[in-house]
Amino acid sequence: MNFKFLHAADLHLDSPLQGLAAKSAGLAERIEDASRRALDQLVDTAIAEECRFVVLAGDIFDGELRNIKTGLYFVSRMRRLAEAGVGVFIALGNHDAANGFMDKLQFADSVHVFSKRKAESIRLPDVGAVIHARSFPQEDVRENLARNYPAAEPGVFNIGILHTACQGREAYHAPYAPCSLAELVNHGYQYWALGHVHASAVLSERPYVAYPGNLQGRHIRESGPKGALLVAVEDKEVAGLEHRSLDVCRWSIVDIDISECGSRADLVARTREHLRSALGDAEGRAIAVRVRFAGESSLSGLIALDLQGLREDVFAAAAAVSDDIWIERVALAATPSIATDAIEAGTAGILSQEIIDLPPEALPANLELMLGALRDKLPAGARADELLERLRAEAPHRAMQSALSLIHGGTDAN
Amino acid sequence: MRIESLKIERYGAFEDKALHFAPTAPLTLVYGPNEAGKSTSLAAVKDFLFGVPERTPKTLLYGGEGLRLTASLRMADGRLLTLRRRKGRGRTLTDGDGNPVEEAQLARLLGGIAKDRFETFFALDHHDLRSGGADLLTAEGEIGRLIIEAGGGLRPLVRRLERLEAETDGLFSPRRSTERAFYKALDAFTVADRDVKAGVLSPSQYERLRLAVETAEDHRDEVRDEKAMAAKALSKAQRNGRVATPLRQLDATRAALASMDNLPQLPDDFHELVAAAKDRLAQAREAATQARGRAEGLATRLAELNIDPAWSAAEMEILDLAQKRAVVAKQREDRPNRIKELTEAEQKLTELRRRLGAGPEDDLAGRLPPRADVARVRTLVAEAQRREPQLDAAAARMKELDTELSKLQQRIQDAQTTARCEPLGVTAAEIASLPSAAQAADLRRRQAQAALAKAQDAAVALGLGDLDGLAKTPFPSAQRVTEELRVLDELDAHLRAEAKAAADAEAEQTLQTIEAERLSRGGAPATNESVRAAREARGQALEPLREAYRAGTWDAAPDARARDVDKADRAIVAADDLADRRAAEAQRAAEHTQALRLSKAAAARKLAALSEIERLKAVVAARTEALATAFPIAAKLYPEPRALEDAARRRETTLTAADDANAQLDQVQAAESLLSSPLELLVHVEQTTGIDPKERSTLADRVRKALAAIAAHEEAYADFSRDLVKLEKDRIELREAKERLDTLKAAEIEWNSAWVVALPKLSLDPKLSLDDAAAAAMEWAAAEGILTTLTTTRRRLNRMDEDEAAVIRRADALGQRLGLQLPEDALAKVELLQRRWSEHQAKLTKHEALADELKQHQQDATDDEAAAEKAAAMFEHLCHQANVPEGDGAALAKVCLRHLEHRERRAAERQLLQTLAAAGGGVSEAELRADWHGADADALRAEETKLAGDVDALEAAHTQAIETAVKARADFEEALDEKGFSTALAAREAAIADLHLVTERYVPLALARDLLKEAIAKVRAQQQDPLIARAGALMSILTQGAFSGVAADIDDKGQPVVVGLDRSGRSVPVGLMSDGARDQLYLSFRLAGLESYCAAAEPLPFVADDLLVHFDDARTAAALEVLADFGLTTQVLLFTHHESVRNAVEPLVAAGRAGVLDLSLS
């Protein structure tokens, strides 16, 4: 029999969007519960598309937040699916296993949470399908779970749900429940519904092995459309697979080459254009944007001197385009057009040369003192290590460029 | 680089202005009263050097199109460069011949200095000078700042650094302050984190709250049920109270009704029916009588009207004629327009008829040509009109080219007779540096030779003969001698130390010996050993006595025994004395022993020291001997080690100087050999360009002439090359022009044959002129439409005449049928007919109305009579119902009265039943009677009171249970409330983002700040001394000796600062200087900084704009003196509009040290 199902994973409910400084209350309100609203859209889509069931391949919760309200919200949405006659099949992931309340949640009969002890198979005779899966028993699962999944059943459509860091896709993700693509392809199932990796990817089409990616991007590294895979099955074969964007707020990186900008006004106009285009790409969603300026230009000196001014320009450009744009960060990778062979003979030249010739070990010593002072003050939970590590790598170069810009930055307005 | 002249075209208010900046004088004063163009000239200098900005007020008058700035620049090496600048977006620079010059070429000459740097370093005005001086005061003369800001012209950097400090301080510091961005974000984080934690609901909390709600709601429901049962009982008791009275009244009413059972069954409204029947009977009889009378009156009036049927039959005919009349009237109005249309159309055809020779009656429609033929003629006309000017232009261009070609060929031929048709093969750059290189090589050779002679003298002075002898004589190195001296010094120090040790030991020994003697005076002190010896002696003395006593052998002689006893007693006494003394003299004994021990140790040390002295002396002698053996001559000449060391050092210095001088000579030789090739090139140029060898003078003169010759040759050769290219280009163009002309002519022939065919098709003569033919074709094109209009209009006029005749015919026929006499005019005929017909219509309408009214009155009379009969029948029927004889009205009235009473009683019964139903809450009467069971009122009230108390108590309990349940539910709901939780999470993330943002901004900025400060400190260390020395000298001149110089000092905060030195050399802090002195100090540092720059790179002009505004006459003279001197280093352009400055510069002009460019004259 022909049917459709929705494959989603990595909902990370109530995990906040990272890196967004405060903005207007209106926009904040629209996206502060983005992960929940993305779940709402998932439920709406499943009902509207008349899906037979929804497959959730782990990490429904974020693990770090032990708030039962999150669980109750999830239960309420599962109830909506149950009322609409849509089944739900859940395999728990590492974050769910770390969660304190998962076991206490009461679901409707049409919601099935797979066993943590061993892989089990649920048969759906009405559509001729069988779903095999196993939940993570604890957070740190290092064994290959796929290896002990039941053999494919003949004459039906076999679906395997697996939360895994499949070989070759581990970047940024803990190497839990590792397995190889070849192993999955050869297992005999018609569809492997994977979870854990946050980027959407179809690893194989014969049979289908796919990650839907997470439902809602949470930071700039999770940019681009996010959502679930809508799978159509006809005659026990996948007849169509379509990625449906269900995110509420979209992360986007906008790169602007300033070498093509003759003036500050040009630069602002170009920024506006890029932001408009990014907003257009987001199909009516709010966007959180990192604006990166790169390229060599005579403007870069002035910009480096007045980064705050540049930020304000970018914010104004965003406001002019729409209220739906949130600027996550304005990053400057532009370099001033000072060639060392063109350094002037005067004091400015000597100063520049001193800075260029500075021994490479001199800065880190200063830097470590500053980072130490900052580390003492930064609160736990503020992702200080990640920040300070990045600064350790980037700050010396940026400082040197800033110092050169201060010398050669042209005449100030005042 | 010196700007010798600047030509300004269409810039600012200048249309064409040439400025010549006194090329030979070091200082140029550019003088111009207000509006003479001083600011424009100053701006032109900068715009020439760095480009004309895209938006500039200088184009307001003439626009940017014709703007040109042309300058002649003299480089430090003597080269002259002419460049021209226009306004535009790219490639705005050309050379004197208009060839494009890369911007980078000028940028190289400017040493990478951009416009803004030029303005802060090479340009200075009185405002900058004054604020620079003021800043010095603020910074209390801090040296680093002076070097950077005044000496380096880096004022913006200092400002930026201050801003940077402020910004980093505002971002973060380990010291907490709520003003700092970091701590603001941190506080926001703390608040949001607290909110997040408050919003989290754990599973156990959730379960506890849920259970509380469940329990409270169960209890609430139980109490509610109990209360409901009590309320039900109370309600029943209250109902009994309410229904007792109505039940009793109901019983009484029912008894009264039972007594009226013999009354006939009549409807409730019987008496109203009787009254109504009587009224209706009387009214119907009266109405019938009146209707009959009205009908008779109307029949009489109808008979008086007389109607003619012939008019009614003619209705359709008259209406149709009326319509036709309207048409004819409209046509009559339209007729003049149509006639005018005919006339106009005919007029339009007049010209065409004339051209075709046709009369006014001739039918043009028959001669109308096809549209394609007309169009063909018009196309041919257009072609001919386009071709004619092209033919003329092509012929003219050919003629022009012929002339140009013959001129070019002549010029080329002329050039080929001279050598200038070939490139020279030598560029100016290859020989330009020859004089300076030759001069430099010569100078270096002389310096090297002088150094060598000096070294020779030094060798002789050392007593080792010449340099060769100096090099060959074995001589210890200075380092070796120094090392030897160091070892000998060390040995000497050891020797002296050992001698001192020996003397000290000897003194110690003497001292301790005396001390031991002093302590042993009065007998040797009792020592432990002597006490032990005395005790042994006592033992020995007592032992024989003890033995004899034990053995009982007292056989010895009495005196022998007495002796033994005495001996024993003495021994006992001696030992005891000694022990006593030992106790008493323990300190003295110890000191004595110590003195002896120290004396012995000192003797040993003395011996050891003496032995070491001997050893060291031997070592010294051996080393001196070894050196003398190794370098006998040196040791002989310089026996003293110190003298030897000095000689060795001088020898090495001399040898190094000699080596350096020789190396220098080698280098000079190499440099001179490199000059041979440019020299050959120079000779080649001279020979090729015909410079007379007899005129040869200095190399510099030769090179200058050769450079001029190269430039002239290159120019001529460039002209020749351009001519060759032009010749080829013109030839090609000539060929193309001829081809174009041929094509045009061929087209003309083809056109002629088409023309003679096309014109007759329009009935035109082929010889007709182009313009006439064009006009005729146009008229034919218009004629088709005009002819169609003519035909249509004539047809319409005919139809008008026909319509009017038909109307007259039909009206006359109708008039005859109706017997009516009609007038002549068609329209009047119809109007009369219409009028008569209207009168007939009015009469007819009135007749119809009267007939309808008569019919209605007759019907009314019949209806009223029938109603009277029906009313009489009804009255009879009612008497029958009441069981009284027919027509007995009195009996019927009596029955009516009794019937009314019965009806009221029944109504009372119904009312009581309603009351009972209301009081009984809808319960049946039977049930109410059963519940009441006839109880009396007091018993009923007592029961009600008791039950009401029960209900009140349960009500209170229920309220309490509801409140408890509501609170439990509210607590649960509140805990579940999501409001604010997501907001708190988002706020916490926002605070983290802010913390990251601040940190990421702070760290690179703070590092950049530290970097700059470090670099500034280094630059200060490097530049401080030379810059202060030079600035001091300038300050002395500028202040005419009021300050003898400047110096570095440390202020009371430990900061390195600059101070002035007054005439007597006392230091004057910046804070104590006058404003003028501080300005002069700032100027001194700026000039010193510029001198340092000009020594290292191509000097750029120093542009001073009204610099001396705040200077009095004496200071102005001193400043001009300094600027004129500075003009030897680089060009100085001093702009002013002050006449006093112009006057002050006169002495310098007279001395040839300054020139004046008066803008009001040039």
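**Exercise 1. A pair inside one helix**

B:D442 and B:R446 sit 4 residues apart in helix α15 (residues 434-461) of chain B, about one turn of the helix. Find out what joins them, and how accessible each one is.

*Solution.* The model is predicted: local features need pLDDT of at least 70, side-chain atom pairs count only at pLDDT 80 or more, and totals for chains, interfaces and linings use all residues. Side-chain values use heavy atoms, without hydrogens and water.

Step 1. Helices (H or I, at least four residues) and strands (E, at least two) are DSSP runs, numbered from the N terminus. A salt bridge puts a side-chain nitrogen of Lys or Arg within 4 Å of a carboxyl oxygen of Asp or Glu.

Step 2. Check the distance. The closest N and O atoms of B:D442 and B:R446 are 2.4 Å apart, and the two form a salt bridge.

Step 3. Check accessibility. Buried means under 20% relative accessible area, exposed over 50%, and partly exposed in between (1.4 Å probe, protein chains only). B:D442 has 35% relative accessibility, so B:D442 is partly exposed. B:R446 has 46%, so B:R446 is partly exposed too.

**Exercise 2. Two more pairs**

Then treat B:D742 and B:K738 in the way of Exercise 1.

*Solution.* Step 1. The side chains of B:E341 and B:R338 meet in a salt bridge, 3.0 Å from N to O. They are 3 residues apart in helix α11 (residues 315-348) of chain B, so about one helical turn separates them.

Step 1. B:D742 and B:K738 form a salt bridge with closest N and O atoms 3.5 Å apart. They lie 4 residues apart in helix α23 (residues 699-758) of chain B, so again about one helical turn lies between them. B:D742, at 40%, is partly exposed. B:K738, at 44%, is partly exposed.

Step 2. Widen the view. The count over all chains is 114 salt bridges. One network links B:D251, B:R254, B:E909, B:E925 and B:R929.

**Exercise 3. Two packed helices**

How do helices α8 and α26 of chain B cross?

*Solution.* Step 1. Axes are lines fitted to C-alpha atoms, for helices over the stretch in contact, and angles run from 0 to 180 degrees between N-to-C directions. The axes of α8 (residues 203-258) and α26 (residues 889-919) of chain B come within 9 Å and cross at roughly 165 degrees.

Step 1. Angles under 35 degrees count as roughly parallel, over 145 as roughly antiparallel, 65 to 115 as roughly perpendicular, and the rest as oblique. α8(B) and α26(B) are therefore roughly antiparallel.

Step 2. Name the contacts (heavy atoms within 4.5 Å). Among them are B:R254 of α8(B) and B:E909 of α26(B).

**Exercise 4. A sheet in chain A**

*Solution.* Step 1. Two strands pair if DSSP finds at least two bridges between them. This open sheet has 3 strands in the order β13-β14-β16 (chain A), with parallel pairing.

Step 1. β13 (249-257) and β16 (325-332) of chain A are at the edges; each has a single partner strand, so one side of each lacks a neighbour in the sheet.

Step 2. β13(A) pairs with β14 (residues 286-294) of chain A over 9 bridges.

Note on methods. Residues are numbered from 1 along each chain as its sequence is written. Chains are lettered from A and ligands numbered from 1 in the order in which they are written.
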